[in-house]
Amino acid sequence: MAAGQRTPIQSEYVYGNTVRKKAPSVQTQREERREYQRQQRISRTVRRNQERALHMDLPYVLLLTAAALCALFICVSYLHVQSTITARISHIEQLEQQLEQLREENDTLQTRINTDIDLDHIYQVATEELGMVYANKDQVILYDKTESEYVRQYEDIPRN
């Protein structure tokens with residue numbers, strides 16, 4: 001190698017504890033300037049939008065007030081409806097409990113009535129004391145009533 005030439009290994013080695021800064025190129029400076037100008041334009045636009053947003057005139061304030069009142073009315077109405085529904089649900093639960101209690105009482109009374117009835121005693125009293133007898137097959141008349149779904153007590157029995 002000639003004197004004054006460095007080998008590739010020697011040229012990559014950096015002396016000291018810091019790396020030397022690379023000098024900025026003209027193109028990099030132009031890009032930085034463009035970026036700075038773009039940021040300035042954006043900040044101006046943002047500032048204008050903020051000023052417009054802070055500017056409130058009478059119609060805007062009235063509209064905003066009306067919207068707030070409408071929202072408040074809707075919220076109060078919602079709470080009222082919700083409390084009404086809650087009250088009705090609790091009332092329905094109370095009525096269901098009363099109904100269940102009445103059914104239990106009814107079942108208890110029905111069971112008591114059924115156990116207190118002695119069918120053999122009734123048959124004995126009916127046949128011996130009152131002289132009652134079972135009806136014969138020729139004494140029982142069956143008929144179909146198609147005009148209505150119930151039978152009236154005093155209505156005439158149709159003849160076959």
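The model is predicted: local features need pLDDT of at least 70, side-chain atom pairs count only at pLDDT 80 or more, and totals for chains, interfaces and linings use all residues. Residues are numbered from 1 along each chain as its sequence is written, and side-chain values use heavy atoms, with hydrogens and water left out.

**The whole protein**

Begin with the complete protein in a cartoon view. There are four helices and zero strands, giving the pattern α-α-α-α along the sequence. Helices (H or I, at least four residues) and strands (E, at least two) are DSSP runs, numbered from the N terminus. Accessible areas come from the Shrake-Rupley method with a 1.4 Å probe; for residues, only the protein chains shown count as cover. Of the 160 residues, 1% are buried. Buried means under 20% relative accessible area, exposed over 50%, and partly exposed in between (1.4 Å probe, protein chains only).

**A positive patch**

Select Arg41, Arg44, Arg47, Arg48 and Arg52, which gather in a surface patch of positive charge. Patches consist of residues with over 30% relative accessible area and no salt bridge; like charges are joined within 9 Å, and nonpolar side chains (Val, Leu, Ile, Met, Phe, Trp, Tyr) within 5 Å. A salt bridge is a side-chain nitrogen of Lys or Arg within 4 Å of a carboxyl oxygen of Asp or Glu. Now centre on Arg52, in helix H2 (residues 26-54); Arg52 is exposed, with a relative accessible area of 56%.

**A nonpolar patch**

Move to Met56, Tyr60, Val61 and Leu64, a nonpolar surface patch with about 370 Å² of accessible area together. Val61 belongs to helix H3 and is partly exposed, at 33% relative accessibility.

The structure holds zero disulfides (pairs of cysteine sulfur atoms within 2.5 Å).

**A negative patch**

Finally, select Glu100, Glu104, Glu105 and Asp107, which form a negative surface patch. Glu105 lies in helix H3 (residues 58-116) and is partly exposed, with a relative accessible area of 42%.

Terms used
Lys, Arg positive; Asp, Glu negative; His and termini not counted. Charge placed at Lys NZ, Arg CZ, Asp CG, Glu CD.
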